[in-house]
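Dear colleague,

Please find below the structure that I am handing over to you.

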Amino acid sequence: MINGNLKASYADDERVLDNSYKKAFVYGMMVVLAGFAAFANDYLILVACQMGIMLIAVVGLNVVIGYTGLMSLGHAAFIAVGAYGVTILHNLGAGTVPDAVMPFIAVPVAVAISALIGIVVGLPSLRVKGLYLAVATLAANFIVIFVIEQDLFAPWTGGMTGIETPAPNLAGWVLDDKREMFVLIAVFAFATILTVQNLFRTRVGRAFIAIRDRDYSAEILGISLLRFKLTSFAISAAFCGLAGALLAYFYASILPEQFELALSLQLVAALIVGGMGRTMGPVFGVIVIVMVPEVIKVVFGAVSGGDPSVAQLRAPLQEMAFGFLIIFFLMFEPLGIVHITDRILRALNRWPFARG
Amino acid sequence: MGQILQFGINGLMSGAIYALIAVGIVSVFKATKVVNFAHGYLIMFGAYFYFTFAVLLPGMSWAPAWYVSWEPAWLVEMKEGLPMFSPLGAVLDWLTNLPRVIIGLIGALAANAVVGLIIERVLMRPLMGQSVFAMIMVTVGLISVMSGGAQLIWTADANYVPSLAPNTPIRFTLFDTQIFLFGTDLVNAVIAVLLFGAIVAMVQFTKGGVAIRATAEDQSTAYSMGISVPRVFARAWVLASLTGAIAGAILATRNGVSPSLGLFGFSVLAIVLMGGLDSYVGVFIAALVVGVLEAMTQWKFGGDWAGIVPYVAVLLVILVRPHGLFGQKEVERI
Amino acid sequence: MKLNRRSFLATGAAATGVIGLPAIVKAQPKEYVVAQSLPMTGPFATAGQLVSPASKMFEAITNAEGGIGGVPIRVEVEDSGYVPQRALANYQRALATEDNLVMYFGDSTGFMKLVAPELKGKNATLMGSTSFATELANPEKNPYQYVAGPTYEDQFDILLQNIANEGGSTVAFIYSNTEFGRDPLAHGRQKAEELGIEVVLEESTKAEGADIPTHVTKLAQSNAEYCILQGYVTGVWPQLIGGARQLGLQTKFMGTFWGMEKLIADRVTAEAGPFLEGYLGVMPYRYSYDQEDAPRYRTYAAFQKEHFAGTPLENYMPTWGIEALCSMEIGLEALRRVANKGLELTADNAAEELAGIQDWDSGGFFGPNVSMVSNKIGTGRVYQYSTESGLFEPRSDWLSV
């Protein structure tokens, strides 16, 4: 029970982990993840890796949608740029750059390219807002995938048939196993969350929030909309690019159709379900969005007993469940799961003196 | 020159159908300020309903013979001795299908209106007054629900439906080039344009249309003037569903019924933004322009390039004119 | 209080980890698992839904015949929706959860290419598929994947040869804008040139919901004598042919394996008239009604009559099912050979035996005895559809490429 939140200095107040419970939680999670990496079975590792990659992307998306208040339905494009960027760099550098060094060059460059593309895609955000921006980003997503699929670029991107991706070699440590990849993904996911949490203690982060709350007012306060809207897009695209890079490392090959609108919608859905503009929102959201289809699958398998004629109902039901999740949260819990956990924690905190 | 004409005409014909789809998005936006991302899936439902009433039901064992294929004595007589694929044969084949086509259309209109009403009542009305983001994202969620639902009900298989008009080929020479057109395409385009005009006229001149415009102008004032805003909402959604049903039936005859019909919604959404969300005229022009551009791209670069034409076009237009070609600039108070 | 809930979560997560400990059991297997990804939903749902009972039949018949070296098999069917990454997830899941996975059946070229680089060491499994993509028949690069028939390129060769024999001089390629559609194009172009046939049109369309009038218009303007359709299963190709016929075009249409299904042809004929008359294509196998010299087909037919009464499968097995069955029979043959040698059923052993299948009596799938040459079987036949009988009738002898 927290009885007070006493701080003796501004520095204390500004800390990311500003109380002992948060510290215990964060350090505890590190231990749990380490244990998970060591003991979980292959299937859980597989699911956890998918979650981790998606989490990084959703945290990135949160910067644009949750903190800056700009709508985007095209973030899968940045994941594609990251994934293809890393792969192409690896292929270009093969032979000249030692493999053990390659990831340390490829990943930052790919992330930087994503950020650049993010700025380009973000350009319409200066002129249009809300819905128009949603459609502009959606259009950008279609165009990026189209470019990747073009025969013209097929020597580099593999075109429609996809391309094989490298296994990263981190200074001699080749991560060609899912379990090893999980370690890498978990580290990055953790770092991403902390980075974004940290971002909102800075001037840039506060500027984002000011823009979200009222862009014109922010401008009057001296915040350059041009600069900060584009910064926001760049940062968020960079994280998505990172997610893409990890995705390329995780899978043995990638196809352009993996990065279509469906993925963009999944990212947004995870954000809505989890809670926008909150640190833990993406975490909860991703867990739900990844787990619900798995749960439906398990339940269905148990009910149908492997009867294929029933099994064909499963995919449509999973799709519908995905849609219902978005609608349900928007209608009944627009602030997402974070809001539910907030209420529970508050109730626990005040118990037994008050409820709710 | 003749080639350009050929593909120009093709483009105008598909542009007309885009316009018919777009009218649903614009109508809903005008009345409710919601941009319906799931409109393509409403169209897909229309197509599936048409399929149900024109193909599935006649396939049932209890369906009366005239419903399955209408073959009065004079028709059978006329058909005899006709060579395969003759123009008259196409008309007669269409006549045989006519009962299915009519019942299919009526069924699709009715069923789709019900779907539209349900969406409005269950999802949209509770969200009245919520943020634009919430409303748009609800329609995005609706995409998954509807596409999953369609697969659940009809399975995801591509199917064929009878065309709305006789599919007589039309051939003529222009500037020394043979021009080919399909009769049914021409009729579809005419239907689309007439419907578009009728709806614009309705919104402009009838009492219900005035109510829609008044609500678009200012919801609370419209309320206080005695206009039932919820009814306007419902009417707009029904309008969108009805045009969607016709558009769905047309698309189904062109491309076959499959869940991928829903994707048309996205490119039409781009067209709508290009034309200006609240301007029927702008959207009509944008639809025709994109239709022609697509056909030209198809001709010069092939099918895969045509798909992204609307998206490139909308990006360019938005960058220059943020509210579309003819859209009204939003005035914001701080 | 924060701590309580969170530590609770943490314990929960830890507990999940412990429950999920890898099972360390590796004794004499109780059963072998053959897993499949099929498009039970999505654009090719019809195909998937008809193949999945065929897989169950394969399981029953195989087990009645003693399984693999006396150990029964179990066939696990998963839905992929024809999305490669979903099929990949299915495969990875099967790999992680099934200890005795001995064979996998994938459902698209995309999936096979996506999974190919993962097939290394303990992640490898013998893998057949619905795809005839050329790249899959490449044992040096990937010994585990095989094609249960001639590749699309081979099928194009047969068709083009057929055109040349009939004295044709112009051909159009219309293909879906997928890797499935594009696979044999470059090769086809080259082969056409060799045979002195001019390719007057190469037109890509969407895989579903294609803009039929425009494509047909382009075909009409190209004035091609022949048109090869590639990359379609249930949709688009019949509409293209229908549009062309209504426009009065005399173009002769040809298809490859996936455009050769009688069910679709029959449905189109019933719905829109007899315009598929004369449609021609390559088919590696016998149709299921051609049972005279095919003992295996008779076994299937007896099983179908008994177990699938009242379904479309009662009297007919679609070509899609035949293909899946053939692919699995080939894999089974390889696995049985491994078991007969008393070796462990690893992917490497299976791949080695697979490559060694020579002069094999397939029980009637193919006319002559066939051999596995660089992980494909280059045998096929030209069939032509007759709207009157509703059957695809052989137009050539068994050809080898």
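In chain B, helix H11 (residues 264-275) packs against helix H14 (residues 309-320) at an angle of about 25°, with the two axes 9 Å apart. H11(B) is therefore roughly parallel to H14(B). Helices here are DSSP runs of H or I with at least four residues, strands are runs of E with at least two, and both are numbered from the N terminus. Axes are lines fitted to C-alpha atoms, for helices over the stretch in contact, and angles run from 0 to 180 degrees between N-to-C directions. Angles under 35 degrees count as roughly parallel, over 145 as roughly antiparallel, 65 to 115 as roughly perpendicular and the rest as oblique.

The model is a predicted one, in which local features need pLDDT of at least 70 and side-chain atom pairs count only at pLDDT 80 or more, while totals for chains, interfaces and linings use all residues. Residues are numbered from 1 along each chain as its sequence is written, and chains are lettered from A and ligands numbered from 1 in the order in which they are written.

To return to the helix pair, H11(B) passes H14(B) in a left-handed crossing (the near helix is turned anticlockwise from the far one by less than a right angle; clockwise would be right-handed). H11(B) contributes Ser267(B), Ala270(B), Ile271(B), Leu273(B) and Met274(B) to the contact, and H14(B) contributes Pro310(B), Tyr311(B), Ala313(B), Val314(B), Val317(B) and Ile318(B). Residues are in contact if their C-beta atoms, placed from the backbone, lie within 7 Å. By class, this contact has 10 nonpolar, 1 polar and no charged residues (nonpolar: Ala, Val, Leu, Ile, Met, Phe, Trp, Tyr, Cys and Pro; charged: Asp, Glu, Lys and Arg; polar: the others, Gly among them).

The axes of helix H12 (residues 319-340) and helix H13 (residues 347-355) of chain C come within 8 Å and cross at roughly 110°. H12(C) and H13(C) are therefore roughly perpendicular to each other, and their crossing is right-handed. Ala334(C), Leu335(C), Arg337(C) and Val338(C) of H12(C) meet Asn349(C), Ala350(C), Glu353(C) and Leu354(C) of H13(C). These residues divide into 5 nonpolar, 1 polar and 2 charged.

Chain C also holds an open sheet of 4 strands in the order E2-E1-E3-E4, with parallel pairing (two strands pair if DSSP finds at least two bridges between them). Strands E2 (73-79) and E4 (126-129) of chain C stand at the edges with a single partner strand each, so one side of each has no neighbour in the sheet. The twist averages 20° from one strand to the next. Strand E1 (residues 32-38) of chain C pairs with E2(C) over 7 bridges. Helix H2 (residues 45-64) of chain C lies across E1 and E2 of chain C, at about 170° to E2(C).

The domain assignment, automatic or from a database, gives chain C domain 1 (32-150 + 293-370) and domain 2 (152-283 + 382-400). In chain C, 15 residues of domain 1 are in contact with 18 residues of domain 2.

Between chains, 27 residues of chain B are in contact with 29 residues of chain C. The chain B side divides into 10 nonpolar, 12 polar and 5 charged residues.

Yours sincerely

Definitions and conventions
Two residues are in contact if their C-beta atoms, placed from the backbone, lie within 7 Å.
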